[in-house]
Amino acid sequence: MAVMRDMIPPFELYQPTEVEDAVRLIRQHGDKGWVLAGGLDTFDWFKDRIKRPEAVIDLVGVEELRGISAGADGGLEIGAMTSLTDVAENADVMGRYPLLAEAAGLVATPQIRNQGTLGGNIVQDTRCWYYRSGWPCYRAGGNVCYAATSQSMNREHCIMGASRCVAVSPSDTAPALVALDAEMVVAGTSGERTFAAADFFIGPDIDIERMTVLKPGDLLARIVLPAPWEGARWYFEKIRDRKSWDFSLVSVASSLRVEGGMIQDARIVVNSVAPYPVRLRAVESAIRGRAPSEDTGQMAGEIAVEGARTLRHNDYKVALMRNLVKRSIRDAA
Amino acid sequence: MLQTEAIQARRGGFTRRKFIKGVIAAGATASVSGYLFRGSGVFAPMLTAQGAVERLITVTVNGQQRRVDVPKYETLAMTLRYQLGLTGTKLGCDRAECGACTVLLDGVTHYGCSILTHSVQGREVTTIEGLEQDGELHPVQQAVMDEGGFQCAFCAPGFAMSMVGMLEKNPNPTREEAAELLSGNLCRCGDYDKILNTAMRAAELSRSRA
């Protein structure tokens, strides 16, 4: 390789220790700044010299953003800088929200989970390689999608929710958090704002250059798991090419409340099929009042994939999604 | 304790002057001159924006406090190899996709290629060079010798560090659990079976020594 791509171009580095200072720095630098958490998404961009921020605000020293504690309404609060390993192996998370513990424990590799943070896993950018290789696509501010042409390699791209961009959300914890009705607390200079997880992720039809509601200057501070879905039946499955490292081809997360053998309420969320985790509201209402059986699952799978539009190389995702939705209802425990 | 010091340093507990004095007194500053891949940052102005970090920092590597002049954009693997001379830590992909650069931070495995050196202040860095204690090989190193666990062995230091991290977490793993715990490292020779033999032997040796 003739071009040296591995030295990171210079930037100014800030390591605040308080949330207020971090927010002030992030605001101050705006779109010339970059928030650094675990670094697993960040350093690829920097080494490839595709993103070249002037200032990096490293959150490693902000203790307040780390840790798992009891929430105000009896739920659980997780700081955005808490490592994925700490989320996956925390006794409270494992005991009360096993869906999230499972999802966090299936991210990438042990090292990446030790280093990567829950917040980073949620707000990470898409893995579309045209975009990540620096092609001037819609998401990068250009006026073409390189992944949706007749010649494109688009096996990993989306089957729904596309709007010019066909990239998918890569996060494993995102569908779990949507299925638990988690809340995202965003810190800004004018105080905190809270978003329901389902509203936190946005599609390209809303803003093609962002994956979440976060704008330059915003900081995801913590994730609140509310009490209601504690102890519910759940299911999580991530399909990927290798059992380590890889992002999901399709993943599913479900929470089910079952009484007297009938589903009272449900959250069914599928990821890596769209640019955001997809909450299947039509499925949720269709399965209410039914038994979590093979038949119900079969029906749910059919409803789930209605309206799917495949690209040249990703029609397998329809069958995968149909089956995963079925399992997420039939096999929830 | 170390963490507190690092936070103090970040909060401006040390003035730039005091810090430089300390470095001179210690007389052990690793300099950028040994740096093989000089980035343009070497020629960048040394001026620091207000509130930004200093380049001269202390990192704790294998129990030693090392003072070192680190560009702000430098990763730990680069600092270890090219400034501190600890070339046991390998750089394979430099993209958190191979595990050759695995080191321990406070006993937990991390990819050295994907963390800034500035971010590890106040934490204990352990590299493959730090495993041997008083001339005695670490059980993992002894197991590598016993089992001849690697072919070309470029991945060996990373795998060895992952095995140390594995034993910390699960001193008595099954072969399957070991495979899971070592799944963040790749071997280009495909020698996984012997690597797992090594891991199981390391666990056995470690138990017998305890």
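**Close-up 1. Helices α4(B) and α5(B) are oblique to each other, because their angle is about 130°.** Oblique is what remains once angles under 35 degrees (roughly parallel), over 145 (roughly antiparallel) and 65 to 115 (roughly perpendicular) are set aside. α4 covers residues 139-147 of chain B and α5 residues 156-169, with their axes 9 Å apart. Axes are lines fitted to C-alpha atoms, for helices over the stretch in contact, and angles run from 0 to 180 degrees between N-to-C directions. Helices (H or I, at least four residues) and strands (E, at least two) are DSSP runs, numbered from the N terminus. This is a predicted model: local features need pLDDT of at least 70, side-chain atom pairs count only at pLDDT 80 or more, and totals for chains, interfaces and linings use all residues. Residues are numbered from 1 along each chain as its sequence is written, with chains lettered from A and ligands numbered from 1 in the order in which they are written.

**Close-up 2. Here is the sheet of chain B, open and five-stranded.** Its order is β2-β1-β5-β3-β4, with mixed pairing; two strands pair if DSSP finds at least two bridges between them. At the edges lie β2 (64-69) and β4 (108-111), each pairing on one side only. On average, neighbouring strands are turned by 40° against each other, direction ignored.

**Close-up 3. β3(B) meets β4(B) in the antiparallel sense.** Four bridges join β4(B) to β3(B), residues 102-105. Look for B:Thr102, whose bridge partner in β4(B) is B:Tyr111.
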